[in-house]
Structures are given as structure tokens and as C-alpha cells.
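Notebook open, two chains to look through.

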Amino acid sequence: MSEQNTAVQEREQQTAQKTVRFEILRQDTAESTPYWEKFELEYRPNMNVISALMEIRRNPVNADGEKTTPVNWDMNCLEEVCGACSMVINGRPRQSCTALVDQFTQPIRLEPMKTFPVVRDLIVDREFMFDSLKKIKAWVPIDGTYDLGEGPRMPERKRQWAYELSKCMTCGVCLEACPNVNDKTDFIGPALISQVRLFNTHPTGAMNKDERLATIMADGGITECGNSQNCVVACPKGIPLTTSIAAMNRATSVQLFKNFFGSDHMVD
Amino acid sequence: MSRESDFYLRRLHSLLGIIPVGLFLAQHLVINHFATRGAEAFNNASNFMGNLPFVLFLEWFVIYIPLMFHAFYGVYIAFTAKNNVQRFGTFRNWMFMLQRITGVFLVIFIAWHIYETRIQKALGAEVDYNMMANIFENPFMIAFYIAGVIAATFHLANGLWGFLVTWGITQSPRSQKIVTYVSIAAFVILSVIGVQAILAFV
């Protein structure tokens, strides 16, 4: 018993003097000018960026000891499956819920993903991606005016493979990493190209594959990709985004010839 | 400036970079290499190329029009990118940026190169070994031309890699990696051929 107490005491002593330094890019409103603010917090074992932000919210005092407004951020699942807490940490976009403080050099710099419109502090508006999902028809249409019955079966091995593509959580990290997603282009981004591949793979989804290909063969589509391959490096879910893009390059090449040389039946 | 036709223009840009512009570059560097066999060999080769039948037609449709489209559309592409090699220092991201830098540099280099040779020919000058030897009396020009040749071979070799991805020929990471090695080999071989030819005039 006493031994355990000593261990706890030792750890408390070790961490008592330790602090964690943060530099956070803050922005009060969507239109106002961003500014950096420094924070210094007491270190706790297994701390992550979200728990540090919660600490700041509890006691919004900056490193100069001045009272400030709590930092705003977005979060939801806290287990890296929703994508809401994505932000740029020490220059790299990622989810802040899995960003353990121990793994970063200090000061830990937090910035919003400025590829998207900033709402406040670290909160961005990713509506562009959700609109793009509608554009590419990222669903499998199953409704008719009568019972359409069962769809074609999906081979199990194909399902297992497609599951990897379906891990995309529309977090926006690949768009933030891509040099060609910016205000000078309309590129819908790597994630969306991969979603076209996912839904065109599904046996029922494939019944509308030419419509999805048509959307990525238009403004902001697949040719905006410049093959920097940052997306596949940045993706937190390990989705083979560059393979998806190359596969859709091939599919659009075939569709290009189909469109030009003519076929009155576009589905297969 | 994005439009519905962007897809077709981008694919055309990718195709023209290899056929005919890339093939023309390889042929140009090989013909230049005659200079290593002396002034007479170079002049013979240069006369042969300059006196091909329908030479004006060939020049416009195999070189000038495809090259101008590739160049001007390429400048637009280059300036729509927001490079981020500080954040992502990977090989491919560097290639992405270098492809754009060499492209913009080549527009300047090729404009100067055409002014100094083809336009002077149109104005009555003789394009031969001596013309190039005169140009290379200036050491700055030697450096400028070597930079131009290496930028061109890099842009072609890396562009070949991009072409194969853009048209969906290489999909798997493995095939893309193997083509990377092939493109590095193409870059080295074409650079040696090109630079040897330049040094033959010095």
C-alpha cells in the first residue's frame, strides 16, 4: 500500500513542475483578423489536445496571466471516426482527439484548416464537402415507384475491400493537405474522388456510375488533381486515395471515349 | 476560370506534353548530339531537319501550336497551385512543385531560345554550328542553356510519370513506384545527351 502511494507521489512530483505550452491561432468572427494567443497549462499524463482545450475552457487565462475568451473548437465522437475535431497541429492537419500531447514538440501550435471558411477560432465550415457529396450522388438509389426487389449480390471479397474506402469520414484533412484545393480552383478534393469509386463499386450504385463520372469530368473534377500525393500521406484512415484517383482516371478515360464515339447505353 | 471544358483541356494538356512535345524534345536533343561529331556533322543534320518537306506545316502543327497550348495552359495550372512542401516534404510533393517551377522557367527559356534561333533564321541569319558556338562564347549563356536542357528533361521525365497516372495507366502504388525509377533513368539519359551536345559547341 505504502509502495503504491510512493509511486503516485513520485509521479505527481515529476509532473508538478511540468507544463504544456500551446500557441493557438484565434479568430473572433468569420470576418475578423486572426491572431496568435499563447497558453501554458499544467501537464497531466496522457493529455491530448482536446483535454488541453477543455482545460483552457475551464480556466481561460493566457500565458501572460490575462483573462481571455475560451477557445472554440468542434468535436463529437472523440475516437477519430467523425472528423469534426480536425485542425492543423504543428503544421499538419489531423484530428485533435487522437493528438497526444506527448507526441508533439512544444509549443504545440493549433490552427484551423484554413482551406475551409473559418467560423470562429478552430471551427471551420466543411459544407463545401457535404455539397460535393450531393453533387457526386454519394448514395445508392434504391427507391422506385414499385418494389424493385433485391439488388445484385456484392461479392464478399469486394465488400471487404470497399469497406476500407467507406472509412472516409469527410474530415477534410486531405483537402487541407492538397495544394490544388484552394480559392483559385473548384477542386472537390481527393476524398470525393474516392467516394465516386466506392459508390461505383457497389453493384446497385454502379447502375448510376456514368452520372457520377460525369460530375468528376466537369468543373472542379478529377483533372484538378496534380499528383502531389499529399492526400494519401495525410489521410488518418489510411484510405488509398491516390489509387482511387488513378482508378477514376482510368474510368473517366474510358468514359471519355464512350462519350465521344457514342453509345446510347451508358451504364455498362 | 474553371469551366465545364476543363476536363478535356486538362487531358489535352497532358497528352500534348508527351505527343508531340515530349517526342520532339527527345528528337531535338538527339539531333543536337551530332555536334559531338564535329561542325560538319551537325550542319548536315541541321540542314536535313530544316529542309524537310512541308517544314512550315510540320513546325506549326507538331511544334508551335501544341507547345504554345501546353505552355500557356501550364502556366495557368502552375499559378493555381498553393505549394506546401514545408508541411509535406515528401518526394512526390517536391516533384509536384518542381514540375511547376521548371514549367514556368521553360516558358521563359524556350521563348528566348526560339528568338535566338528560329526567329533569327526568319530574319535571314544562318542556323548552323557557328551560330550556337557564338552564343556559347558567353559563359552565362552556357549556364542558361544547361539549366534549360535539364529543366526540360526533368519536366518531360516527371511529366511522363504524371501522364501515366492521369490517363489511368498506372494505378497501383507499385506500378507508380516502378515508373518513378523509369522516369529517373529517362531524366538522367536525356540530360547527359543534352548537356554533352551543349559542351560540344564550347
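I looked up the contact first (heavy atoms within 4.5 Å). Chain B puts in 32 residues and chain A puts in 37 residues. Before going on, I note that this is a predicted model, where local features need pLDDT of at least 70, side-chain atom pairs count only at pLDDT 80 or more, and totals for chains, interfaces and linings use all residues. Residues are numbered from 1 along each chain as its sequence is written, chains are lettered from A and ligands numbered from 1 in the order in which they are written, and side-chain values use heavy atoms, with hydrogens and water left out.

Next I checked buried area, meaning the accessible area (1.4 Å probe) that two parts lose on being put together, summed over both. Between chain B and chain A it is about 3100 Å², with 48% from carbon and sulfur atoms. On the chain B side, Phe7(B), Arg87(B) and Phe88(B) lose the most area to chain A, together 23% of what that side buries.

Which side chains form the salt bridge between the chains? I counted one salt bridge between chain B and chain A, by the rule of a side-chain nitrogen of Lys or Arg within 4 Å of a carboxyl oxygen of Asp or Glu. The partners are Glu176(A) and Arg87(B), at 2.9 Å, N to O.

For polar contacts I used N or O atoms within 3.5 Å; within protein, one must be able to donate a hydrogen and the other to accept it, and residues adjacent in sequence count only if both atoms are side-chain atoms. That gives 19 residue pairs across the interface, both residues at pLDDT 80 or more. Elements giving two or more residues to the chain B side include α1 (6-32) and α4 (91-122); helices here are DSSP runs (H or I, at least four residues) and strands are E runs of at least two, numbered from the N terminus. α1(B) gives the most to that side, with five residues.

I then went along α4(B). Just after α4(B), Gly124(B) has a positive phi of about 110°.

Most residues other than glycine have a negative phi, and most peptide bonds are trans. I found a cis bond between Gln106(A) and Pro107(A), omega about 0°, with Pro107(A) in the loop between β4 (92-95) and β5 (108-111) of chain A. Ile19(B) and Pro20(B) are also joined by a cis bond, omega about 5°, and Pro20(B) is in helix α1 of chain B. Leu78(A) has a positive phi near 60°.

Last, I got 13 salt bridges over all chains. One of them pairs Asp121(A) with Arg26(A) at 3.0 Å, N to O. Asp121(A) is in the loop between β6 (118-120) and β7 (123-124) and Arg26(A) in strand β1, so the pair ties together parts 95 residues apart in sequence.
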